[in-house]
Amino acid sequence: GGQVRGTGGTPKPSTSGSAAPTENTGTFVYAPNLGVVTDWDPATAYSNELVAMSNIYEGLTRYDARTQKPEPRLATKWTSSPDGKEWTFTLREGVKFHTGAPMDAAAAKKSIERTIKMKGGPAYIWSAVETIEAPDPTTLKFTLKYPTPLDVAASAGYAAYIYDVDGVDKDGKKDGGTGPYTIEDFQKGKETELTLKAFDGYWGGWKPEQYKKVAFRVTPQLTTAWQLLQRGEVNFVPRLNPQLFAQAGSTTGVQTSERPSFQNLLMLFNTESGPLKTAEVRQALQLAIDYEGLLGALKGAGSKSSGLVPEGLLGHHPGLAPVHDQAKAQELLAQVGYGPDHAELKLKLTYAQGDDDQKLLVTLLTAALKNLNVSLEAKPMAWEAQWDQGKKKGQDIFVMYWYPDYADAYSWFVNVFKSAEKPHFNLSYLKDAEIDKAIDALPALTATDKDMALQSYGKLQRTILQERFAAAVPYVQTYQRALSAQVKGYIDNPAYPNVVFFHDLSI
Amino acid sequence: MSGGELRRTLPRLPARPTDRLAAVGAVLLAVIVLAALLAPWIAPYPDNQPQPLRALLPPGGAHWFGTDQVGRDVLTQLLYGARTSLLIAASVLALSATVGVTLGLVAGYAGGWLRDVIMRITDVFLAFPALLLALALAAVLQPGVTTVIMAIAVTWWPWYARLAMSVAASVATRPYVDAARCLGVPAPVIVVRHVLPNSLTPVLVQLSLDAGGVILVAAALSYLGLGAHEPTAEWGLMVEAGQTLFTTNWWVVTFPGLAIVLTAFACNVLGEGLRNALDPRRTVR
Amino acid sequence: MAGYLARRLGQALLVVAGVITLTFVIMRLVPGDPAVAFAGPKASEAELAAARARFGLDDPIPVQLWNYVRDLVTGDWGTSLHTRRPVVEDLALVFPASLELVGAALVLAVAAGVPIGVLAARFKRRLPDVGVRVGSMLAVSVPVFWLALALQTVFASNLGWFPVAGEYDGELDTTSPLTLWTNITVVDALITGNWPILTSTLHHLVLPALVVAAYPAGVIAQLTRAALIEESGQDHTRLERALGFSESRILTRFALRAALNPVLSLIALVFAYSMVNAFLVEAVFNWPGLGRYAADAIRSLDTPAIAGVTLLVAIVYVLANLAVDLLQGVVDPRARAG
Amino acid sequence: MTILAARDLVLGYGRRPVVHGVTLELTEGGTGLIGESGSGKTTLARAFLGLLKPLGGQVVYAGRDLRQADRRAFRRDVQPVFQGESLDPRMRIGASVAEALPRGARDRVGALLEQVGLDPELAARRPHELSGGQRQRVVIARALAVEPRLLVLDEPTSALDVTVQARILDLLAGLAADRLLITHNLAVVERLCRTSHVLFAGRVVESGETADLLRAPAHPYTKALRDAVPTLGGPPPEPGRSAPAAESGCPFRLRCPLAVPACEELPEPRVLAGRPRPRTVACHRAEDLLGGATAP
Amino acid sequence: MIEVRDLRVRYGGRSVAHVPELDVAAGECVAVVGESGSGKSTTLMALLGLTENAEVTGQVRVCGVDVLRAGPRELRAIRGARAALVMQSPQAALSPTTRLGTLMRRALKLHGVTADPAEAVEAVMLDRAILRRYPHEISGGQAQRFAIALAVALGAEVILADEPTSALDVTVQAEVIGVLGRLRAERGLALLLVSHDLALVSAVADRVLVMRAGEVVESGPCARVLSEPSHPYTRELLEATP
Ligand SMILES: Nc1ncnc2c1ncn2[C@@H]1O[C@H](COP(=O)(O)OP(=O)(O)OP(=O)(O)O)[C@@H](O)[C@H]1O
Ligand SMILES: Nc1ncnc2c1ncn2[C@@H]1O[C@H](COP(=O)(O)OP(=O)(O)OP(=O)(O)O)[C@@H](O)[C@H]1O
Ligand SMILES: [Mg+2]
Ligand SMILES: [Mg+2]
């Protein structure tokens with residue numbers, strides 16, 4: 001398959017009012033910078049394929065970042081018991097899998113049970129589930145081991161899909177989803193790696209102006225992607241650099257969308273060994289970061305953080321923004337014998353190789369710290385190597401992104417700041433029983449008492465950032481998308497990074 | 001190096017000025033080396049001084065070559081980058097020539113199975129595409145200037161081994177080497193006293209030709225994120241960091257690119273001139 | 001000749017064996033657990049252990065090497081951690097595109113480099129010669145990645161003469177689908193007479209091939225010039241002159257064939273070099289070849305894939321050398337004796 | 001007295017033999033080695049100097065196989081003087097000569113140079129600053145430094161002008177050391193070597209006293225060589241038959257005016273008694289040649 | 001056939017060869033002898049306008065063409081066809097990648113001469129099979145004779161032979177000299193022979209030029225120069241000749 005240049009690229013202004021909407025014969029071309037699909041199994045897929053699969057498969061719910069709540073998808077409504085351990089979902093009627101089989105509670109149960117059994121990376125979203133029952137075709141009942149907000153978990157971008165277990169095909173020839181699109185052609189390694197076509201029996205129906213075809217054209221270089229977008233050869237570029245994005249904003253035929261994401265950059269300080277064992281040094285580091293300058297250099301690719309939880313998630317508190325105070329930092333360092341008039345402080349930092357934004361942070365931080373007589377040895381590393389070294393406590397500052405697999409702030413705390421015998425992602429090596437206890441209580445609170453949960457999140461963040469100084473949050477990433485101007489209905493949903501829900505679009 | 005010594009290592013330099021083009025190369029290279037050495041004094045701004053608010057200013061009064069995406073002066077970064085590039089080139093050439101020439105001389109003089117073994121090993125390294133082996137090694141050793149040097153040297157020495165081997169093998173059949181053997185001079189002494197000095201000319205020529213190549217490979221490695229990294233100033237890195245700005249802020253990419261081209265060009269032209277002057281019969285590889 | 005061939009083949013095999021060992025050693029040295037690369041960034045310890053067992057990473061090193069060699073020989077080059085498909089299949093898919101690009105570039109390089117070299121030699125030390133020398137020196141001094149960006153910006157983006165990226169117009173897949181035989185688009189389009197795809201591919205090929213061709217064209221021009229000038233300093237050229245042949249005739253009819261020999265052996269070298277240069281160019285022009293595959297593999301520390309690419313390129317190099325050795329026998333009768 | 005001898009010596013490069021079973025002794029009064037270009041003269045000389053390992057047979061030095069012999073004594077006894085680049089182009093003359101001297105005796109350089117008729121001042125120069133004749137004298141001086149008993153001379157003068165050549169030959173004739181001389185100049189052999197061996201295609205085809213050899217050759221090749229030398233004021237030399245060396249049988253038979261069917265068998269070297277002194281020849285028709293017979 | 005007046009060749013201002021007078025008539029053989037580097041080859045090359053980067057002055061007429069003032073076309077017309085050069089080290093003077101037959105056919109075609117290459121080589125007692133060979137597959141003597149065959153086939157009236165036998169075995173030398181002598185007798189060929197071998201010269205040449213350090217020190221009929229030399233250098237040469 002392929003896109004038809006000219007029809008897909010040239011906007012056909014939809015004459016408003018009386019005339020019947022034009023039939024959309026174009027192909028929507030998405031330009032990812034990496035291969036699209038590596039794993040076609042909806043149970044185990046845990047990578048870039050999310051972008052395509054979210055349009056082929058659907059979960060019970062879909063998270064809406066504006067309302068901060070899961071919205072109905074395959075489930076039309078759901079209830080939970082007061083203790084948050086029993087969840088009952090009512091399924092949508094008349095939904096068919098692409099295989100032709102009907103989607104009912106039994107099928108849903110089968111698919112979730114298969115996902116759990118496959119033990120793929122993302123299957124943990126169901127880890128609270130004890131049993132699943134399907135008392136009637138439209139009722140799906142979960143009994144949990146411990147309370148958890150299952151409606152949010154069920155909105156996850158991975159492993160939450162309801163699919164026909166007989167439709168799974170690891171070669172991507174067919175699929176067992178219920179979503180608006182189904183696979184037309186998949187050729188690994190080709191430039192246009194994947195094309196999707198409309199599934200005629202989609203429960204949500206089809207309007208003439210919607211896109212019936214979608215293609216993924218792999219474009220590693222973002223300048224290339226930008227040029228293709230300008231020439232109308234592609235319709236959507238998930239990421240541009242700030243300069244090109246600014247240019248896109250003033251280019252006719254191109255529209256842009258900008259939205260803070262659920263992904264923030266973390267600088268985890270080694271609280272257990274090395275010079276950062278001293279709390280004052282950690283605090284000084286927090287203060288030494290020129291947050292505004294960094295955001296200025298990012299030119300809109302990031303927004304100021306406030307605490308660990310990005311805006312749009314339960315747990316976000318507006319008052320936790322970090323401050324830049326070079327003088328205070330110097331003072332704090334002086335207290336413990338470092339700084340311009342004292343001994344030189346040498347720090348080791350590791351960050352992701354090939355990430356421009358992290359590199360920017362490193363460049364600015366190195367220069368800023370030099371003025372404080374702190375020499376920062378920053379090493380870009382492949383993730384595997386960086387992580388390996390991190391687990392062995394081989395650095396003073398570990399820089400990484402964090403984002404939740406489903407829209408729940410719990411992810412930051414349980415993974416990054418809960419103590420563990422052997423460090424996994426808690427690379428600030430924080431060990432604090434009190435914090436652990438507060439973290440463990442979070443899911444139940446979220447499932448039962450959202451206000452209490454919000455308070456608890458606030459307290460935890462203050463403890464971790466402002467008392468223990470275990471980490472710094474330089475910024476929250478902002479998604480900057482560029483798309484053809486004639487496309488209507490695009491809304492960036494940060495809960496599903498880089499995903500375009502093509503069915504929502506029209507010309 | 002005194003004049004006498006120079007003549008000793010570079011024999012038969014024709015009296016007439018070799019070649020105007022080579023002279024251009026020599027001058028160009030001298031300017032670049034000087035600029036690198038004097039960077040701290042001639043650079044208009046201090047090394048690695050980001051000013052995010054002055055980012056991406058076009059070339060003009062305060063910044064002749066503009067500023068980059070974090071507001072560093074591009075000219076300053078270029079001057080400091082010259083140090084990195086030249087350091088890498090010099091280290092790689094020194095390392096690989098030392099290893100390669102030593103092995104090559106031994107192989108060429110000794111001949112027999114020793115030569116076969118050494119040559120098969122160099123074959124293996126030659127079959128490895130330089131950039132790819134360097135990539136793999138950079139992945140192993142962690143990116144950094146030292147890594148670039150090690151990685152490129154590992155892929156570069158076989159060329160010198162080969163070259164030195166073939167030259168040494170032919171020198172070893174010269175009557176004066178035979179004469180030395182007949183006088184009972186021990187083999188290591190023969191290699192050092194007779195074979196080495198007489199094999200050096202083509203190696204020197206190759207070294208100067210290769211300097212440009214090393215700079216290119218180093219830039220490519222940095223460009224791929226496997227070489228020098230922030231905050232080290234390096235030309236390949238500058239191109240990489242700015243590559244997405246080609247259409248919007250051309251100066252960030254164009255100047256470092258030109259710097260690479262000019263330096264490589266200077267080395268190549270100079271090397272070619274030297275070769276023409278010293279041994280016109282050897283062909284380029 | 002047969003004995004020579006056998007010896008040459010034996011040497012080539014030895015080199016390949018060495019490359020395999022070296023590849024293996026390097027892959028073992030890569031820090032970071034390949035299992036981590038497979039199991040994903042948020043894998044649990046149990047999942048890591050499973051992945052490790054799956055790749056035999058717990059076996060002793062010699063056993064691993066032995067298994068590795070055995071698998072390679074039986075055509076099992078491992079499974080890519082990233083694409084999760086057999087590496088051989090991946091390579092079969094992406095290699096032809098690279099071959100197409102590099103092949104086109106080399107054809108361009110030879111077609112341009114040799115005549116340019118002849119021109120320079122004919123007008124030695126005069127204006128055309130100086131122009132050619134400066135030009136060819138510049139061509140070998142330009143970083144390909146930079147040249148690629150520049151040409152793309154100027155000729156595709158600003159002037160619009162050539163497509164920005166890709167191998168051919170995507171729509172042709174539907175309007176005139178291509179039957180694959182060799183996986184090399186140009187060749188397949190020729191075989192099946194698929195003109196739309198052929199012309200589209202050639203159009204898309206121009207810029208990337210030009211970029212990849214810059215370096216080989218430069219060295220070929222330089223070498224042709226040098227070899228011709230060397231030839232024309234030889235006694236036999238004097239004889240040809242004494243026989244009344246004109247300079248141009250001497251260059252093209254006598255000297256060129258002898259000069260072609262070093263050019264040929266050079267082609268084997270630049271072939272491998274261009275292959276790697278293509279890696280850098282493919283990313284810019286979005287060429288669906290080995291380079292993009294390798295870049296992904298390196299980024300995701302996909303050990304089997306990196307090893308596969310390395311081996312493939314090394315084997316290509318060895319084969320190219322072999323081919324050149326044999327070709328040299330055809331071009332230069334003196335080489336046949338050796 | 002014999003210093004060096006070859007017994008059934010087979011020599012070659014790689015596996016390919018170019019010298020096929022040569023047996024000869026280097027006796028006092030100078031030994032000449034003459035023969036066609038490419039016949040293996042240099043190869044043989046290199047073997048005598050221990051620079052080339054025999055593929056078969058042995059070089060005998062002081063009664064023992066060279067491989068078991070005392071290397072240091074051998075190196076002192078036998079020294080080469082080659083044509084061409086025998087001096088390291090990068091070393092000063094003095095240093096080159098000194099290399100041959102033991103550590104304590106470096107001051108003898110000047111004396112050695114004087115011995116070969118050179119100005120000691122030349123020690124400070126490099127080879128390319130000397131003329132060909134001077135260079136060759138330096139080489140001889142260096143060889144003489146170890147006071148050898150035998151000089152192996154491979155075309156020591158063929159690159160030189162006839163005038164210079166004459167002076168070098170005078171020098172050689174006056175030396176105490178004995179010599180093995182390789183040349184294609186028959187007049188030179190006649191002057192400097194009492195005995196001579198004629199090589200053709202890697203085999204010794206004739207050996208004997210030089211004077212006898214040239215006056216009355218017993219092998220057609222020796223005769224062809226002698227007859228083809230132009231003489232001052234003499235007639236132009238007569239062309240002979242041109243053909244490559246034969247693969248089997250007598251290697252010279254394709255060119256030989258006297259060839260008969262019997263020549264398809266390789267002639268063994270045999271001693272011809274008398275006439276006037278005994279000599280060895282490998283030819284079926286030696287007697288006919290000496291007897292003055294012509295082609296059948 | 002050859003007329004030289006006051007020929008001087010300079011390399012970078014340095015005079016390397018100076019010939020005040022040299023004439024070679026049809027059927028005649030003139031020899032040039034002298035020490036190495038005395039300018040013998042240079043003189044020969046200058047006669048056909050083949051010196052590179054040299055400054056050549058004087059008067060040179062070869063086969064009626066004023067070589068020093070002729071354009072490239074005129075020069076190419078006499079080169080090979082009328083005045084042929086037989087170079088020192090014959091094998092090196094043949095293009096290694098060209099079969100002998102190909103070279104000969106190309107040369108014949110160039111000058112529009114119809115001659116049978118096979119007959120031409122057989123005339124110098126070479127097997128016609130040699131035409132299918134490459135230069136490295138033949139011996140030095142064969143190459144030498146091939147070069148002569150080439151000159152003969154092209155119908156050259158003048159042959160300039162530069163030390164044609166210095167590297168050769170005396171038996172092969174005899175052959176080459178024999179062929180040239182026959183051509184002189186049969187076709188009135190004019191021969192200019194460079195050599196350092198006085199004995200050979202005395203056997204072949206009518207007249208002789210003795211050169212030293214770029215100057216002609218003595219010239220005259222062969223018999224006279226060699227029997228009663230007037231210049232000390234000639235005497236020295238003669239004395240040294242065994
Ligand atoms: N290094 C070598 N490798 C291979 N073959 C060789 C080598 N040196 C000489 N030969 C061959 O060995 C044979 C004998 O060579 P050698 O040099 O001994 O001849 P020569 O009698 O000294 O001839 P000349 O009179 O030309 O010096 C020749 O056929 C030559 O081609
Ligand atoms: N192309 C050149 N450029 C500069 N000098 C040259 C050139 N060709 C020859 N010469 C010089 O001209 C002089 C005469 O050289 P030529 O070759 O004519 O000598 P020759 O008499 O032929 O010597 P030989 O007997 O060694 O062949 C030499 O000093 C040589 O160095
Ligand atoms: Mg020899
Ligand atoms: Mg000469």
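Which side chains meet in a salt bridge, counting a Lys or Arg side-chain nitrogen within 4 Å of an Asp or Glu carboxyl oxygen? In this predicted model, the side chains of D:R167 and E:E236 do, at 3.2 Å from N to O.

A word on bookkeeping comes next. Local features need pLDDT of at least 70 and side-chain atom pairs count only at pLDDT 80 or more, while totals for chains, interfaces and linings use all residues. Residues are numbered from 1 along each chain as its sequence is written, chains are lettered from A and ligands numbered from 1 in the order in which they are written, and side-chain values use heavy atoms, with hydrogens and water left out.

Back to chains D and E. The count between them is 1 salt bridge, and there is 1 residue pair in polar contact with both residues at pLDDT 80 or more; such a contact is a pair of N or O atoms within 3.5 Å, where, within protein, one must be able to donate a hydrogen and the other to accept it, and residues adjacent in sequence count only if both atoms are side-chain atoms. On the chain D side, α6 (162–173) and α9 (220–228) are the elements that give two or more residues, helices being DSSP runs of H or I with at least four residues, numbered from the N terminus. That side is made up of 14 nonpolar, 8 polar and 6 charged residues; Ala, Val, Leu, Ile, Met, Phe, Trp, Tyr, Cys and Pro count as nonpolar, Asp, Glu, Lys and Arg as charged, and the others, Gly among them, as polar. Contact (heavy atoms within 4.5 Å) takes in 28 residues of chain D and 23 residues of chain E. The two chains bury about 2000 Å² between them, with 66% from carbon and sulfur atoms; this is the accessible area (1.4 Å probe) that two parts lose on being put together, summed over both. D:V162, D:P230 and D:L232 lose the most area in chain D, together 25% of what that side buries.

Chain C splits into domain 1 (1–87 + 301–338) and domain 2 (102–288), with bounds from an automatic or database domain assignment. Their contact draws on 12 residues from domain 1 and 11 residues from domain 2, and their centres, taken over C-alpha atoms, lie 30 Å apart. Between these domains, about 1100 Å² is buried, 72% of it on carbon and sulfur atoms, and the salt-bridge count is 0. The domain 1 side has 9 nonpolar, 2 polar and 1 charged residues.
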